[in-house]
Amino acid sequence: MRVSITLNGLEAEADCWEGESLLFALRERLGHPGSKNACEQGECGSCSVLLDGKLVCACLVLAAQADGHQVTTVEGLALSGGLHPLQQAFLETGAVQCGFCTPGLIIAAADLLRRHPDPSDAVIREALSGNLCRCTGYTQIFAAVRLAAGR
Ligand code: FES
Ligand code: FES
């Protein structure tokens with residue numbers, strides 16, 4: 001089936017089979033590998049994207065369900081030319097080690113800061129609780145979100 005989405009503000013189309021995930025379509029058909037595939041079970045958050053502005057796991061959404069909707073991936077946060085403030089803050093604070101969790105964390109953090117521009121530590125922890133990181137211990141990730149919120 002033909003799936004049409006607005007991907008990071010641009011129209012995008014792909015031929016997908018009916019059971020294909022949005023994550024697969026993004027990565028393998030639409031040239032957007034930023035969203036990572038770690039568990040494909042909705043457990044790790046590495047595939048997080050915004051679907052019509054709502055945070056979702058792209059591995060749990062069918063590409064067909066996204067037909068006619070707007071999808072924002074980590075690539076879309078930087079479309080204005082420079083890095084998104086969260087991307088810059090992750091770099092500056094050393095919140096990236098292997099980087100596999102980073103795109104999903106940045107999308108989830110962007111969703112958080114849109115809803116809570118000045119979040120408490122507890123709110124940050126709750127908002128990012130669906131995003132697993134094996135490397136950092138989270139301290140620098142939370143520091144990055146606080147830095148971006150402050151800016
Ligand atoms: S790959 Fe989607 S939640 Fe892990
Ligand atoms: S930086 Fe490696 S999983 Fe988070």
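How many aromatic pairs does the structure hold?

## Aromatic pair

The structure holds one aromatic pair. Rings of Phe, Tyr and Trp (its six-membered ring) pair if their centres lie within 6.5 Å, and planes under 30 degrees apart count as stacked, over 60 as edge-to-face and the rest as tilted. The ring centres of Y138 and F142 are 6.1 Å apart and the planes stand at 20°, so this pair is stacked.

Y138 is partly exposed, with a relative accessible area of 24%, whereas F142 counts as buried at 9%. Buried means under 20% relative accessible area, exposed over 50%, and partly exposed in between (1.4 Å probe, protein chains only).

## Basis of the model

This is a predicted model, in which local features need pLDDT of at least 70 and side-chain atom pairs count only at pLDDT 80 or more, while totals for chains, interfaces and linings use all residues. Residues are numbered from 1 along each chain as its sequence is written, chains are lettered from A and ligands numbered from 1 in the order in which they are written, and side-chain values use heavy atoms, with hydrogens and water left out.

## Strands β3 and β4

Strands β3 (residues 48-51) and β4 (residues 54-57) pair in the antiparallel sense over four bridges. Strands are DSSP runs (E, at least two residues), numbered from the N terminus, and two of them pair if DSSP finds at least two bridges between them.

L50 stands opposite L55 in β4. The hairpin of β3 and β4 has two residues between the strands, and D52 takes a positive phi near 50° there.
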